[in-house]
Amino acid sequence: MAPSLSPLNRQSIAEAMTVLLGPGAVETGGEQLKAASVDRFRKYTAVHGIYDGPIPAAIVYPSSTADVAAILRFAEENLVNVVPRTGRTATEGGLETVVEDSLVVDGSRMNAITSIDPVDMMATTQCGVGLQELEDTLRAQGLTTGHSPQSKPLAQMGGLVATRSIGQFSTLYGGIEDLVVGLEAVFPGGTVTRIKNVPRRAAGPDIRHVIIGSEGALCFITEVTVKLFRHQPENNRYFGFLVDKFAGGVAALRELITAGYRPSVCRVYSPEDARQHFAAFYQGKNVVVLVAEGPEGIADATAEAIGELFAGRPHERVDGALIRQWFENLNWGQDKIDAEKTAMLENAHLGYTTEVSVSWSRVSELFDAVMSRIRGEFPRTGDLTMLGAHASHS
């Protein structure tokens, strides 16, 4: 916890925000402020009503870039700490209020899809547009962003860019950093910056990457423009394979990717991780999941390469319909979050995932080292109900 440097107390901050934005744009309810002090990194303590960090002075809801600029100008002039947020799906502590009497600036009311351009293949949205809403709108026009994180039903565009989000189809479409064409952001003091929508910069550093992944620490993202692709689900091909060794599954992915193929999904699940996803068929083995998509010719060529790759490797084939069914139920909406809260309260169970990045040659080494050290050195290893991993985002 850090003390506030502002000469204003929390009541004065909330009153100033009410004058600036109107009473309907300022939240000071006790339960709402407690919930706003953490993200899903502290989901277990939060579901038990434990909030041990500083509670924000207020949550404010700007409705325009001008509102955001006014808030940040006030914050700088009065030394008030700011925590930006949109979809509230963060899992790593980035939304925690660690400074007393902070302002949580929530962009979810800035929720307009500004434009969809099927010629230049770009969509521009305000920061609070939900990814699911954007995808539904695009798919009705035969288009897609290709971005599909597990938080898709709840995530919003500003947060996806601020957290350098990656999606389940990243091997084909890339992460959000590969999709962003341009954006608008407001820096401390209220300075509005726009990075124009052009396909490439030929001189100097790519200044988009000053903002992408900045976690709200540098600025508040107000508008985003992303690339679009043709949506052709009729060409999707789903594959699942059971293999004896995690290293063998990784080797298969490496061979496929380094040969130049780009399945949209490219994953290997260790047996324990597979158990929670594929209990009906995993048979205690590692599960390889692959999806070929895109134009028919490309999808067919990728599917053929996948078939040839596994024809020369020991495996058991999984019905592709089962893989498709799994993907269609993979994302987390509010219903799954509520179910997780119930499980935490009833059974004292919770789960966490952390991500690391490593080169092909070290994937198996890393997996073996983490599994063996936790099982051999962690004093409470007997309490773990699952310890597993999967390789993805090749």
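The exercises below move from the whole chain to single residues.

The model is predicted: local features need pLDDT of at least 70, side-chain atom pairs count only at pLDDT 80 or more, and totals for chains, interfaces and linings use all residues. Residues are numbered from 1 along each chain as its sequence is written, and side-chain values use heavy atoms, with hydrogens and water left out.

**Exercise 1. The whole chain**

Task: Describe the secondary structure, the dimensions and the burial of the protein chain.

Solution: 

Step 1. The protein chain contains 15 helices and 16 strands. These elements are DSSP runs, numbered from the N terminus: helices are H or I with at least four residues, and strands are E with at least two.

Step 2. The radius of gyration is taken over C-alpha atoms, and the globule rule is 2.2 Å times the number of residues to the power 0.38. For 394 residues, a compact globule would have a value near 21 Å; the protein chain has 23 Å, which agrees. Along the principal axes, the C-alpha atoms fill a box of roughly 70 × 55 × 40 Å.

Step 3. A residue is buried under 20% relative accessible area, exposed over 50%, and partly exposed in between (1.4 Å probe, protein chains only). Of the 394 residues in the protein chain, 44% are buried.

Step 4. Contact means heavy atoms within 4.5 Å. Among the contacts with a separation of 6 or more, 70% are between residues 24 or more positions apart.

**Exercise 2. Aromatic rings**

Task: Classify the ring pair of phenylalanine 241 and phenylalanine 310.

Solution: 

Step 1. Two numbers are required, since a pair of aromatic rings is described by the distance of the centres and the angle of the planes. Rings of Phe, Tyr and Trp (its six-membered ring) pair if their centres lie within 6.5 Å; planes under 30 degrees apart count as stacked, over 60 as edge-to-face and the rest as tilted. The count by this rule is 11 aromatic pairs.

Step 2. The ring centres of phenylalanine 241 and phenylalanine 310 are 3.8 Å apart and the planes are at 5 degrees, so the pair is stacked.

Step 3. The pair links distant parts of the chain: phenylalanine 241 belongs to strand E12 (residues 237-243) and phenylalanine 310 to helix H12 (residues 296-311), 69 residues apart.

Step 4. Phenylalanine 241 is buried, with a relative accessible area of 2%, and phenylalanine 310 is buried with a value of 2%.

Step 5. Ring pairs also join Phe169, Tyr269, Phe278, Phe281, Trp326 and Phe327 into a cluster.

**Exercise 3. The surroundings of a loop residue**

Task: Which residues does serine 270 touch, not counting residues up to four places away in sequence?

Solution: 

Step 1. Serine 270 is placed in the loop between strand E13 (265-269) and helix H11 (271-277).

Step 2. Its relative accessible area is 2%, so serine 270 is buried.

Step 3. With those sequence neighbours left out, serine 270 touches Phe246, Asn286, Phe367, Gly388 and Ala389.

Step 4. Serine 270 and alanine 391 are 121 residues apart along the chain, while their C-alpha atoms are separated by 8.7 Å.

**Exercise 4. Positive phi**

Task: Are aspartate 101 and alanine 348 buried or partly exposed, and what is the phi of each?

Solution: 

Step 1. Most residues other than glycine have a negative phi.

Step 2. Aspartate 101, which is not a glycine, has a positive phi of about 60 degrees. Aspartate 101 lies in the loop between strand E3 (82-85) and strand E4 (103-106), and is buried at 16% relative accessible area.

Step 3. Alanine 348 has a positive phi near 55 degrees. Alanine 348 lies in the loop between helix H14 (334-347) and helix H15 (363-377), and is partly exposed at 45%.
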